[in-house]
Amino acid sequence: DLHLHSSMEPFGVVGIVLGCFTSMVLGGLLFAAYKLGILYQLFHKTDTKSSKHGGDIVAEVLHAHGVKYIFTLVGGHISPILVACEKVGIRIVDTRHEATAVFAADAVARLSGTVGVAAVTAGPGLTNTVTAVKNAQMAESPLLLIGGAAGTLLQGRGALQDIDQMSLFKPLCKFCTSIRTVREIVPTVRKALAIAQSGTPGPVFIEFPIDTLYPFHLVSKEFVVKNPPKGLMGKIVSWYLHNHLMNLFAGAWEPKDVSPLPLHIPQATDDQIQKCLELVSRAKKPVIVLGSQATLPPTPVDNIRKALEDLGIPCFLGGMSRGLLGKDSPIHIRQNRRDALKEADVVVLAGTVCDFRLSYGRTLSRRSKIIAVNRDKTQLLKNSDMFWKPTIAIQGIILLILRLSEGLKGHRCPEEWPQSLKAGDATKEATNRAKAEEKTEYHLNPLKALHCVDELMAEDSIIVADGGDFVGSAAYIMKPRGPLCWLDPGAFGTLGVGGGFALGAKLCRPESEVWIVYGDGSLGYSIAEIDTFTRHKTPVIALVGNDACWSQISREQVPMLGSNVACGLAYTDYHIVADGYGGKGYLIGSENEEKLNDIIRQAQRDAREGKAALINVLIGKTNFRDGSISI
């Protein structure tokens, strides 16, 4: 028996090996069947007779999420989405450049509290959006970018406008994916929209290959091989193409939940709130510095405003938070921020980042107690290893302001502190006003032009800032009248946002006056969008500070390097360009300076009557140097 067992042992090993090999083969076959969709097709039919297409599904999900506008520059890759969205009542707004479409979606996201949506075609259509998407990322705007792409089987094979789009957008977006079958559209779009709004808001990107968007009867024609190889190879190719087509549409029209997914919003803990209450209650000279995050959902801006007014703590407002306290609030301090921060004993950085705008944290006093609140952990602690240290660091939303107001009910900041800062404001603004009356060597004083607009613009006005030198001056002179009435690019300092931001703003608030403050350099990026304003009946008013120069650069380049090379422009007749695009243009120079107020009022009438207006103001040089590209 022992001899028999020994002689049979090799056969046992062979059996084990054969069993393992068989399992591997079966496993490989099952995996291949899964990847090819064969298993899925066993349980989910492909409706070859349906005239529906992937664009219908995209429209259904976007409509269920309250999307009202899609901004686009049309291309065949994405046509089904645009047609379907229009059918369900989503307004399609086509622009003259893809970057403008994304900027407009960014503005809608900021002003409406929902996700802004832009859809562009493959290849160059998408590459044209890169700067605008990066701007949205740095401005923390929840935005969905939809991009067309070559068909699923043609990617990487030299199809028209086929590039590796995913590698471009992965560093710019919170979430990037490519749709591979029609059935993936609903869960993917729902997931992307939730990610865009959760945590730190930002852009997301979904790539739609063209064969996932068109109906079966059209796509199937592209899968027919006219001269297939003969023999076994021909049969394999034909089977593979047929299976790919059937899997592409398998289960496509089965009912799915299209409602919004829950969002993840970071919150401060009760222990963190209590520590903040203790610090603020003992402060004699507290200061709050608010950034754009103060305007983000889910906390309504009116609630934030009331909480700040109840606390009575002096506030500096930046980015989208400009205007949060209205035009003339006793606690809104506009000037001398560096001095105030050095004197403060407690500083609350509410969505404000210690980057170049706060000299990387060097403007903060080491004696001050710092409470930092930010949704993004990286931004929350930026440069804290070098120039500043937070006493309390909270990764969460600006709901902290409300919790402070509730916890300190009846407690107010000592009034002499905001009053002293406000007195400094009055002194600085009187100086600026005096500068506005100075005569320039040529043309108009730009500060005077800005003061005139500030005095005459409507109380519901939205101000869009797009420029450097002229817009930097505007940031100190023009006062937003209320919350969400100021739009600037944010930390990226992008030029060219004006046309898109104004378009989105006017659609969100059609009854409001929308002003774009342009430098003559930045105007060149989006002046063609006056055509868009005309076609889509979104009459805005553009104020152009035309000094025939990239002055913000020239101002330092000439004294440092002794040359004005590449900084000079011309006193171009931008008002005539506006006329050509269907708007109404006006020219103001030293010859008709006395008519400035009349022309401003006429431009306002034009806008009320449905016509976009552009005021081309020829301006001279001043010594007002407080401006900055990023406001």
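Predicted model: local features only at pLDDT ≥ 70, side-chain atom pairs only at ≥ 80, totals over all residues.
Trainee: Why is Asn592 called buried?

Mentor: Buried means under 20% relative accessible area, and because Asn592 has a relative accessibility of 18%, this residue counts as buried. Its place is in the loop between β16 (584-588) and α25.

Trainee: What makes the approach of the Asn592 side chain to Leu587 a polar contact?

Mentor: A polar contact needs a pair of N or O atoms within 3.5 Å, and here a polar atom of the Asn592 side chain lies 3.0 Å from the backbone oxygen of Leu587. Leaving aside neighbours within four places in sequence, Asn592 is in contact with Leu587 and also with Ile599.

Trainee: What makes helix α18 mostly covered?

Mentor: Of the eleven residues in α18, which spans 446-456, eight are buried, and among them are Pro446, Leu450, His451 and Asp454. The buried residues of this helix pack against α17 (416-436), α19 (469-477), β14 (514-519), β15 (541-546), α25 (596-608) and β17 (613-618).

Trainee: Where does the domain name given to residues 53-168 come from?

Mentor: It comes from an unreviewed UniProt entry, whose annotation for residues 53-168 reads "domain: Thiamine pyrophosphate enzyme N-terminal TPP-binding". In the model, the chain over residues 53-168 is 46% helix and 18% strand, with the end C-alpha atoms 27 Å apart.

Note on methods
Residues numbered from 1 in each chain as written. Heavy atoms only, no water. Buried < 20%, exposed > 50% of the residue type's maximum accessible area, 1.4 Å probe, protein only. Helix = DSSP H or I, 4+ residues; strand = E, 2+ residues; numbered from the N terminus. Contact = heavy atoms within 4.5 Å. UniProt positions renumbered as here; feature names shortened; annotations may be inferred. Polar contact = N/O pair within 3.5 Å; in protein donor to acceptor, adjacent residues only side chain to side chain.
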